Amino acid sequence: MRIKAIETQYKGYRFRSRLEARWAVYLDSLNIKWEYEKEGYNLEDGTPYLPDFWLPEVEMWAEVKGTLFTEEELEKAILLHRGLGFPVLLLEGVPKCGVYLATTEGVKTKGGMDEYVLTNYHNYPKSEGRFYSMPSDEDFECGMFNDTEVATNKAKSARFEHGDNGVVSEDDDLGEGRVSFKERDLGPVTGWALTVSITKLAKDNNFKHCPNCGHEFQLQESHGLYFCKYCSKGGGLKKFAEMIAKKINQGAGIK
Ligand SMILES: [Zn+2]
């Protein structure tokens, strides 16, 4: 039997889960406009799809999941992007300090997705209609954007009224202030990322440790992301490969 999620109320909206309501709190903290379950669509394969959020200022959909997107869920998000012409932000787990992926038209894998920081930095959402996108020569650091930390804390600490049935939902994972964020096998990758496994790349080049502090990188294979929790720095596959190339070049110089 499926556990029914608690319906959560926030700002007059009835959310299907607390997790979604937390994302609304996050977006509000950044003063970014959102509409919840604005409209449903039929994808090109005939599947009905009701995106969680529409963000009119940046013209993006945002889809919230308690765990990592499955290959099937990702495929749906890509179909939505293709059908309507707007990227879909993948909001996995509770709002956190980090980089978020969005669908890129025509690209089928997570490895090839656009990376954004959900910040109001430089007022980009309102002035330029976009989120801050990490330059490839820059590492993401949690302290870089004050507003993301404030928004994350607000979202995490928000308390909502219980819904009608009071059954604890799978999303209600914040009792201990911890995030239930399971790794999941996303199955075979179908695009260029098929040939580029971040774990294999690290192993083949003997590059499993952060060059800055020497601690082992956290590698998220399904997304092609790396992260050093001691330096609070991380990024995508491209940046990781560039770091390896840099290290190899430096090594050649020493010889
Ligand atoms: Zn480090």
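Guide: Two strands pair if DSSP finds at least two bridges between them; strands are DSSP runs of E, at least two residues, and helices are runs of H or I, at least four, all numbered from the N terminus. This is a predicted model, where local features need pLDDT of at least 70 and side-chain atom pairs pLDDT 80 or more, while totals for chains, interfaces and linings use all residues. Residues are numbered from 1 along each chain as its sequence is written.

Visitor: In β6, which residue is the bridge partner of glutamate 35?

Guide: Strand β3 is joined to β6 (residues 53–55) by 2 bridges, and the two run antiparallel. In β6, the partner of glutamate 35 is tryptophan 54.

Visitor: In what order do the 7 strands of the open sheet come?

Guide: The pairing in this sheet is mixed. Its edge strands, β3 (35–36) and β11 (132–133), each pair on one side only. The order is β3-β6-β7-β8-β9-β10-β11.

Visitor: Which residues in α2 are buried?

Guide: A residue is buried if 20 or more other C-beta atoms lie within 10 Å of its own, with C-beta atoms placed from the backbone. In α2 this holds for Leu74, Ala77, Ile78, Leu80 and His81.

Technical notes
A residue is buried if 20 or more other C-beta atoms lie within 10 Å of its own, exposed if 12 or fewer, and partly exposed in between; C-beta atoms are placed from the backbone.
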